[in-house]
Amino acid sequence: MIGLHKELFAVLLTGTTLAFSGNTASAMDQKNENQIEFKIQKEMTEKILHLKIKGMHCQSGCANGIDSMLKEQKGIIKSETSFDKSSSIIEYDPKQISEKKILSLIKDRGFEVEVVTEKGASVNG
């Protein structure tokens, strides 16, 4: 088997049928380009929600409880709630969950929630 390419050797070992286009580097480049394009598209659809949360009494129960509850929801990518800062930063996919739904879920746990704009002003949610 000396002289065989690694790909062909792997095919022989696994019994898999593999079609070569003659240029494996271009196939790998195309795969990498597709992965990068998918990542860019995904990042373009994600949103970040900055919230001011009132009524939390501790980090372990209140803030961590909000994060745990949100992370169980479809469409929540990341949730970081801080008792010390009375705030939460939530990364989510608006195609799967709305801002209104996120606010409602937090309010249902007994907290007051305000959306914080980029300039730091609060908007009642």
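Author: Glu80 forms a salt bridge with Lys78, and their closest N and O atoms are 3.3 Å apart. A salt bridge here is a side-chain nitrogen of Lys or Arg within 4 Å of a carboxyl oxygen of Asp or Glu. This is a predicted model, in which local features need pLDDT of at least 70 and side-chain atom pairs count only at pLDDT 80 or more, while totals for chains, interfaces and linings use all residues. Residues are numbered from 1 along each chain as its sequence is written, and side-chain values use heavy atoms, with hydrogens and water left out.

Glu80 is partly exposed, at 46% relative accessibility. Lys78 is partly exposed too, at 42%. The scale is simple: buried is under 20% relative accessible area, exposed is over 50%, and partly exposed lies in between (1.4 Å probe, protein chains only).

Glu80 also has a bridge partner in β3, namely Ile89. Strand β2 (residues 76-82) and strand β3 (residues 87-92) run antiparallel, joined by six bridges. Two strands pair if DSSP finds at least two bridges between them. Strands (E, at least two residues) and helices (H or I, at least four) are DSSP runs, numbered from the N terminus. Four residues lie between the strands of this hairpin, where Ser86 takes a positive phi near 50°.

The salt-bridge count comes to two. The other pair is Glu114 with Lys54, at 3.9 Å from N to O. This pair links distant parts of the chain: Glu114 sits in strand β4, Lys54 in strand β1, 60 residues apart. Glu114 is buried, at 16% relative accessible area. Lys54 is partly exposed, at 36%.

Now helix α4 (residues 99-108). Its residues Ile102, Leu103, Leu105 and Ile106 are buried. Seen down the axis, the buried residues of α4 fall within an arc of 160°, so they line one face of the helix. That arc is taken from the directions from the helix axis to the C-beta atoms. An α-helix has 3.6 residues a turn, so residues three or four places apart point the same way. The face turned away from the buried side carries the exposed residues Lys100 and Asp108. What do the buried residues of α4 pack against? They pack against β1 (47-54), α3, β2, β3 and β4 (112-116). Just after α4, Gly110 takes a positive phi of about 100°.

Look at α3 next. Met69 lies in this helix (residues 59-71). Met69 counts as buried, at 10% relative accessibility. Beyond its neighbours within four places in sequence, Met69 is in contact with Leu105, Ile106 and Arg109. Contact means heavy atoms within 4.5 Å. Met69 and Ile106 are 37 residues apart along the chain, yet their C-alpha atoms are separated by 8.7 Å.

Finally, the cysteines. A disulfide is a pair of cysteine sulfur atoms within 2.5 Å. The count by this rule is zero. Cys58 is in no disulfide; its nearest cysteine sulfur, that of Cys62, is 4.3 Å away. Cys58 is partly exposed, at 28% relative accessibility. Cys62 is buried, at 12%.
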